[in-house]
Amino acid sequence: MKTSNQLIDEAKSKIKEISIEDLKSKANDPHIILIDIREPDEYQSGYIDHAVNMPRGVLEMRIHQHPAVLQHCDTSAALNALAEHEIYLICRTGGRSALAALSLQNMGFPHIFSIAGGMQAWQDANFPMVQ
C-alpha cells in the first residue's frame, strides 16, 4: 500500500509544478484561471485575489461550473474553451494541488499547473492576500 506522500511524489513526477514567484508574476493576468482547492474555512482565512474556491473533494465534478465556463451557453464547448486556459491550482502546501493537477490532466486538461509550497509558501513570502 502506498502512503499519501508516495502518491503525492508520484503525482508531482507527472505534472507541471511552478513556484509561488512564477504564480505571483502571472496573478493579474486575466487569461489564467486560479483555483484554490482548499476547504472553504481554509480559503476564508486568506486567499489570493481572483482565486476561485473549489475544494479538492468536488473539483472534478464542478470544474464545469467555473465562472469561465458559465459565461458560455453550450457546456461542452465551454469545457473545451476552459481546457485551452492555463489553470493554476493551489492548496495549503502543494500536496492536494499536485493530486488534483494529475486528476485534471487525466481528464484532458493540458495546461494544468500545481503551485509548489501552496498558500503556506505564499504567506511565508508575505505575498498579498485577501483577508
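Predicted model: local features only at pLDDT ≥ 70, side-chain atom pairs only at ≥ 80, totals over all residues.
Modeller: Local features need pLDDT of at least 70 and side-chain atom pairs 80 or more, while totals for chains, interfaces and linings use all residues. Residues are numbered from 1 along each chain as its sequence is written, and side-chain values use heavy atoms, without hydrogens and water.

Biologist: Why is Tyr 43 called buried?

Modeller: Buried means under 20% relative accessible area, exposed over 50%, and partly exposed in between, with a 1.4 Å probe and protein chains only. Tyr 43 has 9% relative accessibility, so Tyr 43 counts as buried. Tyr 47, with 19%, is buried too.

Biologist: How many aromatic pairs are there?

Modeller: The structure holds 3.

Biologist: What makes the pair of Tyr 43 and Tyr 47 stacked?

Modeller: Rings of Phe, Tyr and Trp (its six-membered ring) pair if their centres lie within 6.5 Å; planes under 30 degrees apart are stacked, over 60 edge-to-face, and the rest tilted. Here the centres are 4.2 Å apart and the planes at 10°, so the pair is stacked.

Biologist: How do you know that the charged end of Lys 24 sits over the ring of Phe 127?

Modeller: The rule asks for NZ of Lys or CZ of Arg within 6 Å of the ring centre and within 35 degrees of the ring normal. The charged end of Lys 24 is 5.1 Å from the centre and is listed as over the ring.

Biologist: What makes strand 4 largely enclosed?

Modeller: 4 of its 5 residues (86–90) are buried, so the rest of the structure largely encloses strand 4.

Methods:
Helix = DSSP H or I, 4+ residues; strand = E, 2+ residues; numbered from the N terminus.
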